[in-house]
Amino acid sequence: MALLTEEQTLIKAQANAWVIDKAPVSSFRALRDSHSQQGFFPEIWQAMVDMGWSGILVPQQHGGSNLGYLTFGLILEQLGRQLTSSPLFSSSLVGASALLAAGNAAQQDSLLPGIASGSAIVTLALDESAQHSPRHTALQAGRNGEGFVLDGTKTFVAEGMGATHYIVAARVAGKAGDVQGISLFLVAADAAGIVRTALPTIDSRDYARVTFSNVRIPTTALLGSPADGLPVLEAILDRACIGLATEMLGTASQGFDMTLDYLKTRRQFGKVIGSFQALGHRAAALYSLMEQSRSCVEAALQAVDAGADTVPEMASLAKCQVGKFLFLMSNELIQIHGGIGMTDEFDAGLYLKRARVLEASFGNRAYHRDRYARLKGF
Amino acid sequence: MTGEFEAKVRDWVADNLPQALVGAHIDMYGVASDDQQVKDAFGLWRARLAAQGWGAPTWPREYGGAGLTDAEAKIVNRAIARAGSMNPIPYLSGMGVTMVGPTLLEYGTPEQKARHLPGMASGEVRWCLGLSEPNAGSDLASLTTSAELDEQGWVLNGQKAWTSGADKSQWCGVLVRTDRNAAKRDGISFLMLEMDQPGIETRPIRLIAGESPFCETFFTNARARKDDLLGKLNDGWSVVKRLLQHERQSQTNTPVTSTSAEPLQDIARRYRGTGADGMLADADLRSRLADHLMDAAAHELTIARIITDARGGNVEVSATASILKNSATDVAQTRAELMVEIMGNQGLGWEPGEYTEEEARAVREWLGGKSMSIYGGSYEVQKNIISKNILGLPETTQKG
């Protein structure tokens with residue numbers, strides 16, 4: 001781990017102990033088996049809020065601690081390890097980042113305290129098709145006197161059923177694919193004309209399709225300046241990708257630990273299977289990928305905290321490299337565990353399903369590879 | 001404090017680096033120039049660095065170093081690089097400054113240190129290493145070159161392979177069998193001997209890339225002084241394990257791609273052209289190039305992280321050296337393959353003439369780079385080290 005302050009070391013230890021004790025993977029399994037649409041246990045979310053995690057990015061004057069992304073990452077990684085499900089990432093990281101990046105004083109005053117206290121769940125409503133592509137935003141934001149009217153559909157909205165507010169990317173001008181003409185709007189989830197439908201996914205977390213039909217909103221709902229919202233949206237997405245990569249690193253690292261443990265205990269042919277060189281070399285390759293993924297994630301978190309101009313490329317780098325590790329690790333987790341790995345009773349399947357959902361969220365490897373190449377000028 | 005030191009170093013470099021040397025290509029044999037003025041400048045620069053103790057800056061002053069910390073040594077090397085040159089002494093000392101020296105500092109007697117270290121630190125004595133043999137490559141411990149003690153000292157017989165720079169070195173560190181009856185790792189010792197003697201013959205090895213620094217080295221009643229045994233008798237295996245850790249570290253602590261080299265994506269644009277959007281026209285090449293650049297970035301960020309962590313005292317650097325050796329290899333070999341692919345038929349030339357210097361060099365570097373996954377413990381040996389020493393997996397079942 002990067003060199004941590006005393007406070008960060010404490011937070012990391014606290015998060016590690018709490019997650020294992022109060023929100024382990026068996027808790028996520030229970031959530032799945034409950035078939036709840038909410039996607040999290042309220043008491044687990046409340047405990048996170050009580051520990052101050054929901055306010056880590058929120059400035060002190062709004063009830064947060066303003067400790068930054070590296071600190072947030074220490075927690076997300078532990079949550080990723082046990083597949084702990086909560087609105088922490090979607091609201092306290094992505095939602096808070098959006099308000100901090102684009103919100104005016106009034107918008108920040110009205111929502112940041114709620115994000116910190118857990119009473120508001122603010123999530124980004126962006127994707128409209130099966131592929132992540134911010135430029136292809138088509139949801140219409142038409143002028144309507146002093147305000148706007150939203151028409152269109154968002155899909156795969158994380159915490160979409162539980163959200164109290166959406167940050168909606170919408171088009172005020174141009175057509176899908178244009179760089180210009182996109183704006184962000186802050187919309188209450190209970191606004192007239194919004195219909196949300198739960199999307200059951202392999203991961204059992206809360207994802208929703210959200211339909212906007214003639215949703216009338218005032219000008220004050222505009223987040224940032226009109227029509228040139230893409231750069232600020234990209235900045236929010238960079239932070240989202242870096243946070244998500246941190247959670248993914250935790251998920252994959254736990255898969256690695258489970259696999260390594262199995263290699264040391266499972267016996268076949270009269271020997272511990274980890275003594276077979278073919279398996280030892282695969283473990284070595286996974287370990288190398290894990291260490292390199294960690295380097296990318298930590299550097300990306302530090303880049304955001306430092307306000308470095310490399311944040312966009314670091315975000316795509318982290319998402320891609322951790323994505324590569326998680327993809328391979330989640331497959332190897334099952335393969336190396338053999339028959340038991342395929343059973344629902346064993347946890348490997350939960351990790352595989354989570355892996356694929358997170359890999360696709362906020363752009364898959366192909367998306368970020370392309371973006372990285374663009375940022376590097378080719 | 002650091003700023004003050006940095007300023008002093010910068011001033012010293014500005015005052016002492018001969019202008020004639022700036023930008024000159026320096027390699028393991030010195031400066032590649034026929035210009036006498038450049039050659040003289042090179043000699044002067046070496047002598048000045050040596051007098052300053054900066055040839056091996058972290059070594060104690062009494063042995064020719066400057067007693068600097070690793071961080072300070074980095075500042076020195078960076079300042080020299082910024083001024084447009086480099087510290088040639090580690091090159092000139094062969095395996096001295098990077099491998100034999102650090103091991104001597106740990107295992108040597110005070111007399112051995114005083115006798116051998118200053119020559120390495122000044123770049124005046126070049127060292128080679130006799131480790132591998134024709135039948136002892138990845139399985140190094142099965143080596144058979146022997147040493148026996150008589151009244152005048154050690155008598156060596158046998159053959160070493162891949163002794164890099166043996167034909168140009170004054171001294172050699174050699175791994176020999178000193179007890180044939182012991183288990184294979186327990187009968188090995190590490191000796192140091194002079195190369196200029198009748199009992200030693202060297203023959204350069206020609207590689208797929210053409211000429212190479214590698215040699216075969218034959219010992220026929222070659223002599224070493226009795227007190228040139230490094231470490232304890234029959235404990236050479238622990239000496240060499242340490243030595244190889246130093247090797248892995250020296251190979252991996254430097255970034256793979258030099259920052260002065262033209263970025264690969266620019267070479268690709270130049271050779272392959274771009275579409276209307278300014279993006280590389282070949283989409284398949286573009287995505288593989290992006291993957292490669294990201295792997296290279298991940299590798300360099302890992303080096304940076306390990307250095308930071310080591311400074312904070314929370315990781316054992318040697319444990320991670322094997323990861324870095326393999327990722328450095330992956331990155332460098334992939335880069336070389338992409339480079340010749342980008343050049344197309346122009347990346348297939350052997351004799352110069354029809355090809356640019358850049359193209360000819362790319363071909364040689366690609367072929368030469370095949371050695372990276374073989375020397376210094378092969379790719380597979382590194383994976384064994386990771387799985388056993390770092391991950392704690394049990395010993396592989398086949399024992400040789």
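Reader: Which residue follows H8(B), and is its phi positive or negative?

Author: B:Gly273 follows H8(B). The phi of B:Gly273 is positive, near 80°. Note that this is a predicted model: local features need pLDDT of at least 70, side-chain atom pairs count only at pLDDT 80 or more, and totals for chains, interfaces and linings use all residues. Residues are numbered from 1 along each chain as its sequence is written, while chains are lettered from A and ligands numbered from 1 in the order in which they are written.

Reader: What makes a run of residues a helix or a strand here?

Author: DSSP decides: helices are runs of H or I with at least four residues, strands are runs of E with at least two, and both are numbered from the N terminus.

Reader: Why is B:Ile267 called partly exposed?

Author: B:Ile267 lies in helix H8 of chain B. It has 18 other C-beta atoms within 10 Å. A residue is buried with 20 or more such atoms, exposed with 12 or fewer, and partly exposed in between, with C-beta atoms placed from the backbone. The value 18 falls in between, so B:Ile267 is partly exposed.

Reader: Which residues does B:Ile267 touch, not counting those up to four places away in sequence?

Author: They are B:Glu262, B:Met339 and B:Ile342. Touching means that the two C-beta atoms, placed from the backbone, lie within 7 Å.

Reader: Why is strand E6 of chain B called largely enclosed by the rest of the structure?

Author: E6(B) runs over residues 171-177, and seven of the seven are buried, so the strand is largely enclosed. B:Trp171, B:Gly173, B:Leu175 and B:Arg177 point one way. B:Cys172, B:Val174 and B:Val176 point the other way.

Reader: How do you know that E6(B) pairs with strand E7 of chain B?

Author: Two strands pair if DSSP finds at least two bridges between them. E6(B) and E7(B) have seven bridges, in the antiparallel sense, so they pair. B:Cys172 stands opposite B:Leu193 there. Strand E3 of chain B joins E6(B) in the parallel sense over four bridges, with B:Gly130 opposite B:Val174.

Reader: How many bridges join E3 and E7 of chain A?

Author: Nine bridges join these antiparallel strands. A:Gly147 stands opposite A:Pro218. E6(A) is joined to E7(A) by five bridges, also antiparallel. One of its residues, A:Thr197, has A:Arg209 as bridge partner.

Reader: What makes a set of residues a nonpolar core?

Author: The members are buried Ala, Val, Leu, Ile, Met, Phe, Trp, Tyr and Cys residues, joined through C-beta atoms within 7 Å. The largest such core has 149 residues. Helix H7 of chain A gives the largest share, 16 residues. Apart from this core lies another, of 62 residues, among them B:Trp45 and B:Met195. A:Phe185 is among the residues with the most contacts inside the largest core. Beyond four places in sequence, A:Phe185 is in contact with residues including A:Phe148, A:Val168 and A:Leu223.

Reader: Which elements give two or more residues to the side of chain A that touches chain B, and which gives the most?

Author: The contact takes 32 residues from chain A and 33 from chain B. On the chain A side, the elements are H7, strand E10, helix H8, helix H9 and helix H12. H8(A) gives the most, with 13 residues. By class, that side has 16 nonpolar, 10 polar and six charged residues. Ala, Val, Leu, Ile, Met, Phe, Trp, Tyr, Cys and Pro count as nonpolar, Asp, Glu, Lys and Arg as charged, and the others, Gly among them, as polar.

Reader: How many residues of domain 1 of chain A are in contact with domain 3 of chain A?

Author: 22 residues of domain 1 meet 25 residues of domain 3. H4(A) gives the most to the domain 1 side, with 10 residues. The bounds, from an automatic or database domain assignment, are 6-119 for domain 1 and 231-375 for domain 3. Their C-alpha centres lie 21 Å apart. In chain B, the centres of domain 2 and domain 3 are separated by 32 Å. There, five residues of domain 2 are in contact with seven of domain 3.
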